[in-house]
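Dear colleague,

I am passing on the structure below, together with some notes on what turned up in it. Please read the notes with the model open beside them.

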Amino acid sequence: MKIVVMEPLSVGDAYLKQCFSKITDLGHELICYDEKTTDKEEQKKRAKDADILVIANTPLSGEVIRACGKLRYLAVAFTGVDHVDLEACREKGIAVSNAAGYSTNGVTELVFGLVSSLYRYIPACDKAVRDGGTKAGLQGRELYGKTFGVVGTGAIGRRVAELALAYGCRVIAYNRSVKPELEQKGVSFMELSELMKESDIVSVHVPSNADTKKLISKEMIGLMKKTAVLINTARGPVVDNDALAEALTNGAIAGAGIDVFDMEPPIPSDYALLKAPNTVLTPHVAFATDEAMEIRARITADNVRHWLNDDQINVVL
């Protein structure tokens with residue numbers, strides 16, 4: 001079968017080929033493109049004869065999917081799949097897997113990097129030193145003893161909760177179902193509105209879908225403490241970002257650390273969060289570590305190998 005990796009997976013060519021070696025040793029063809037494209041005609045050209053298509057987070061439209069006459073399996077080298085037209089995949093009977101779990105450590109670590117940047121004014125401290133300033137006005141806060149709210153306790157949310165406990169935080173969580181293993185560690189589960197009221201830090205870890213769009217709504221943001229900060233390393237549409245920008249501008253909450261937006265970077269200059277005070281913004285990099293990219297490549301190759309053996313894993317469709 002012809003396997004087309006339609007965009008770079010941020011690992012070396014030799015490493016990627018090594019990951020797929022058990023597959024290519026059986027005679028399957030592997031074609032890898034080293035440049036990302038969102039041009040639909042170019043995507044159609046690349047995927048035209050593919051039996052198996054591999055993408056990361058580049059949008060894949062129904063138009064492109066329907067133009068793929070041979071495509072039977074789509075391996076998404078990403079956790080979220082909201083950038084893929086799954087309805088078109090269902091229509092054509094295309095199986096879909098994702099690469100869940102590859103970025104758990106990377107995302108979790110950035111969460112605490114963003115919290116620390118806000119609590120200890122790290123960007124402002126850096127600027128002060130470079131400008132010949134002092135620590136004046138830069139007295140920060142400690143994580144120890146704070147109430148840390150985790151919205152969504154999947155793999156990443158669970159890890160965030162565990163590290164927050166290690167920092168000495170009181171950890172509370174909202175999830176569709178209670179996780180006994182986290183309760184045993186001291187995490188208290190509650191309704192979202194209660195979590196928003198009680199938390200000093202709110203960290204969002206839910207997927208983007210119809211049920212979670214603007215889950216962190218203007219109303220929910222309005223429940224937060226004036227001293228609270230919001231961290232979003234999940235998906236941009238989960239938060240009402242206009243309402244968040246308004247709350248920050250009005251001083252209704254203390255700060256925000258945001259890695260995901262309503263669109264992929266580059267962010268337009270009129271985007272409200274760019275002008276909001278007390279923010280640390282990163283360009284959707286939470287998942288992007290050397291280690292995570294290698295894990296992702298291995299998971300993706302493993303997904304393809306299992307599907308070829310009629311044993312699909314990490315099933316989306």
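This is a predicted model: local features need pLDDT of at least 70, side-chain atom pairs count only at pLDDT 80 or more; totals for chains, interfaces and linings use all residues.

Residues are numbered from 1 along each chain as its sequence is written, and side-chain values use heavy atoms, with hydrogens and water left out.

**The sheet and its helices**

Strand S11 (residues 255-258) and S12 run parallel and are joined by 3 bridges; helices (H or I, at least four residues) and strands (E, at least two) are DSSP runs numbered from the N terminus, and two strands pair if DSSP finds at least two bridges between them. These strands belong to an open sheet of 7 strands with parallel pairing, in the order S8-S7-S6-S9-S10-S11-S12. Its edges are strand S8 (188-189) and strand S12 (279-281), each of which pairs on one side only.

Helix H8 (residues 155-166) packs on the sheet, where it touches strand S6 (147-151), strand S7 (170-174) and strand S9 (201-204), and its direction makes about 175° with that of S6. Here contact means heavy atoms within 4.5 Å, and the angles, which run from 0 to 180 degrees, are taken between N-to-C directions of lines fitted to C-alpha atoms, for helices over the stretch in contact. Helix H12 (residues 241-249) also packs on the sheet, touching strand S10 (229-232), S11 and S12, with its direction at about 145° to that of S11.

**The nonpolar cores**

A nonpolar core is a set of buried Ala, Val, Leu, Ile, Met, Phe, Trp, Tyr and Cys residues joined through side-chain atoms within 4.5 Å, where buried means under 20% relative accessible area, exposed over 50% and partly exposed in between (1.4 Å probe, protein chains only). The largest such core has 31 residues, and among the members that touch the most others are Val 151, Ile 216 and Leu 244. Helix H10 (192-198), S9, helix H11 (218-222), H12 and S11 each supply at least two residues of this core, and H12 gives the most, with 5 residues. The contacts of Ile 216, leaving aside residues up to four places away in sequence, include Val 151, Met 196, Leu 230 and Asp 240. A second, separate core of 27 residues includes Cys 68, Val 81, Ile 94 and Val 96.

**Asp 200**

Asp 200 sits in the loop between H10 and S9 and, at 12% relative accessibility, counts as buried. Its side chain reaches the backbone nitrogen of Thr 147 at 2.7 Å, and a polar contact of 3.0 Å joins the side chains of Asp 200 and Lys 225; a polar contact is a pair of N or O atoms within 3.5 Å, of which, within protein, one must be able to donate a hydrogen and the other to accept it, and residues adjacent in sequence count only if both atoms are side-chain atoms.

**An aromatic cluster**

Ring pairs link Phe 78, Tyr 102 and Phe 287 into a cluster; rings of Phe, Tyr and Trp (its six-membered ring) pair if their centres lie within 6.5 Å, and planes under 30 degrees apart count as stacked, over 60 as edge-to-face and the rest as tilted. By this rule the count comes to 6 aromatic pairs. Phe 78 and Tyr 102 form a tilted pair, 6.5 Å centre to centre with 45° between the planes, and both residues are buried. The rings of Phe 78 and Phe 287 have centres 5.2 Å apart and planes at 80°, so this pair is edge-to-face.

With best regards
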